[in-house]
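Hi everyone, thanks for coming. Please take a look at the structure on the screen, and I'll walk you through a few places in it.

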Amino acid sequence: MSADVRRTLLSMLIVSVCTLTAEAAGPEVNPKRIDILGKLSDHHYLDFKPLAKVELPRILRFDGRWEFYPSTTAALNREDGWTDAYYLANPDDLVFKKDGITLAPVTYELVRADGNGPDFDASITSHLVWFLLSGVLVFVVFGRLASKYDRRSAEGLLPRGAFMNLFETLVVFIRDEVALANIGPDKYLRYTPYLLTVFFMILFMNLFGLAPWGVSSTSDVMITAVLALTTFAITQIAGTRDYWMHVLAMPGVPKFMLVILTPVEILGLFTKPFALTIRLFANMAAGKMLVLSIIGMIFMFAEIFGDTVGLVSAAVWIPFTVFIYAIKIFASFLQAYVFAMFSALFIGLAAADHSHDHEHS
Amino acid sequence: MEFAYLAAGLGAGISMIGAGIGIGMIGASAMEGSARQPEAAGDIRTSMIISAGLIEGATFFALAICIVLAFK
């Protein structure tokens with residue numbers, strides 16, 4: 001089910017590319033076409049082209065039973081039942097067989113012989129791998145950082161070196177400019193750890209997307225939805241009595257207005273994490289799409305004007321891509337900051353005990 | 001229907017015009033404000049990003065409608 005939702009949401013936002021990929025799904029796979037949709041979507045393997053392709057474990061629930069396979073190939077070559085099927089228009093062209101054994105189908109979508117998919121697909125996918133990796137990285141970096149600070153402050157020394165200074169700048173920035181500015185001096189220390197975690201996890205995930213073979217998991221709407229859901233949960237837990245009063249029955253407002261106001265406020269609770277989800281996802285996915293589209297221009301030129309023109313036009317498109325990459329570095333920081341900022345803002349609004357001396361009109 | 005695609009494209013474009021004008025105005029005012037009072041630049045930046053984010057959120061809803069049109 002989650003795979004379905006993910007596919008729907010992803011394909012919804014990539015509508016502009018769909019015509020491009022629909023053309024690509026001819027009977028013969030044209031090497032000049034780039035499958036942008038395929039590059040953006042989640043996969044059941046890690047692609048280290050041209051060195052290797054690492055298949056990831058499959059965890060599936062079928063007929064009320066959990067099944068575990070170390071890789072997709074292992075699941076496919078099992079005795080009974082598992083065959084593969086491609087979900088897009090042409091099931092045949094992207095699945096290849098060798099000596100009767102099915103190898104690496106592109107989508108790795110598993111269905112039974114009768115065409116039914118698993119009830120629940122909890123497989124570890126590439127986006128999840130990078131998500132977890134970023135979590136581990138945050139854990140390792142800040143574990144090291146904390147122990148370094150402990151050691152140095154015990155000796156009465158100041159932070160030294162690129163590692164400590166780089167992270168101190170960012171940590172202090174998040175603490176002062178994000179947490180303190182939005183939550184207020186009474187409660188900000190309680191929520192700073194969460195804001196730091198979410199900032200650095202998003203930052204690392206965004207930057208992974210710029211590394212060779214890396215995938216930015218934040219371009220997956222499910223990952224950003226989970227992050228936004230965490231913020232949502234923390235916001236509700238942080239909510240004071242005052243906050244709930246404002247949501248359910250805004251004080252100082254005529255009774256008949258509450259009929260309109262209360263549903264709007266309750267809707268507002270859910271649009272906040274929704275906007276968080278879509279903002280991060282759309283920004284990161286759009287960045288990826290932009291790079292692929294500009295690279296795709298080379299192939300487009302080659303198709304229309306011939307290979308030589310395509311090759312020469314690369315002199316324009318490659319620097320352009322580098323420029324977009326530079327913007328993506330900036331956007332990685334900006335989007336991580338914006339996510340942390342809005343999280344802090346929502347938490348701050350919920351956690352504030354403001355006195356009722358101001359007018360509600 | 002092909003017209004749904006046309007409508008989706010036009011809708012996306014028009015909502016982008018609105019968002020562009022809105023965020024542009026916020027940026028211009030923020031620039032002006034922080035040029036006049038450089039010591040308030042930090043606060044202005046924060047509120048600028050908040051307002052820009054809210055406009056962005058509204059634009060996403062417009063874009064969602066376009067996407068539904070294109071995909072329905």
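Let's start with helix α6 (residues 161–183) of chain A and α7(A), which pack at an angle of about 125° with their axes 9 Å apart. Axes here are lines fitted to C-alpha atoms, for helices over the stretch in contact, and angles run from 0 to 180 degrees between N-to-C directions. That angle makes α6(A) oblique to α7(A); angles under 35 degrees count as roughly parallel, over 145 as roughly antiparallel, 65 to 115 as roughly perpendicular and the rest as oblique. The crossing of α6(A) and α7(A) is right-handed, a word used if the near helix is turned clockwise from the far one by less than a right angle, with left-handed for anticlockwise.

Before going further, a quick word on how to read all this. The model is predicted, so to speak of local features we need pLDDT of at least 70, and side-chain atom pairs count only at pLDDT 80 or more, while totals for chains, interfaces and linings use all residues. Residues are numbered from 1 along each chain as its sequence is written, chains are lettered from A and ligands numbered from 1 in the order in which they are written, and side-chain values use heavy atoms, with hydrogens and water left out.

Back to our pair. On the α6(A) side, the residues that meet α7(A) include Phe167(A), Leu170(A), Val171(A) and Ile174(A). Among their partners in α7(A) are Tyr191(A), Leu195(A), Phe199(A) and Phe204(A). Contact means heavy atoms within 4.5 Å. By class, the contact of α6(A) with α7(A) has 16 nonpolar, one polar and one charged residues. For those classes, Ala, Val, Leu, Ile, Met, Phe, Trp, Tyr, Cys and Pro count as nonpolar, Asp, Glu, Lys and Arg as charged, and the others, Gly among them, as polar.

Let's stay with Phe204(A), which sits in helix α7 of chain A. Is Phe204(A) buried or exposed? Phe204(A) counts as buried, because its relative accessibility is 11%; buried means under 20% relative accessible area, exposed over 50%, and partly exposed in between, with a 1.4 Å probe and protein chains only. Not counting residues up to four places away in sequence, Phe204(A) touches Ser134(A), Leu137(A), Val138(A) and Phe167(A). Phe204(A) is also 128 residues from Ser332(A) in sequence, yet their C-alpha atoms are 8.5 Å apart in space.

Ser332(A) takes us to the next pair. Helix α7 (residues 188–208) of chain A packs with α11(A) at an angle of about 155°, and their axes are 8 Å apart. The two helices, α7(A) and α11(A), are therefore roughly antiparallel to each other, and α7(A) passes α11(A) in a right-handed crossing. By class, the contact of α7(A) with α11(A) has 15 nonpolar, four polar and no charged residues. Among the α7(A) residues involved are Tyr194(A), Val198(A) and Asn206(A), and those they meet in α11(A) include Phe333(A), Gln335(A) and Ile347(A).

Now along α11 itself: Thr321(A) lies in this helix of chain A, which covers residues 307–351. Thr321(A) is buried, with a relative accessible area of 7%. Which backbone oxygen lies 2.7 Å from a polar atom of the side chain of Thr321(A)? That oxygen belongs to Trp317(A). Leaving aside neighbours within four places in sequence, Thr321(A) is in contact with Val291(A), Ile294(A) and Ile295(A).

Over in helix α10 (residues 255–305) of chain A we find Thr262(A), which counts as buried at 17% relative accessibility. Thr262(A) touches Val247(A), Leu248(A) and Ala249(A), again not counting residues up to four places away in sequence. Val264(A) lies in helix α10 of chain A too, but Val264(A) counts as partly exposed, at 49% relative accessibility.

One loop deserves a stop. Trp213(A) lies between α7 and α8 (221–238) of chain A, and its phi is near 65°, a positive value in a residue other than glycine. Trp213(A) counts as partly exposed at 41% relative accessibility.

To finish, the whole chain. Chain A has 11 helices and nine strands; these are DSSP runs numbered from the N terminus, with helices being H or I of at least four residues and strands E of at least two. Buried residues make up 43% of the 361 residues in chain A.

Conventions
A polar contact is a pair of N or O atoms within 3.5 Å; within protein, one must be able to donate a hydrogen and the other to accept it, and residues adjacent in sequence count only if both atoms are side-chain atoms.
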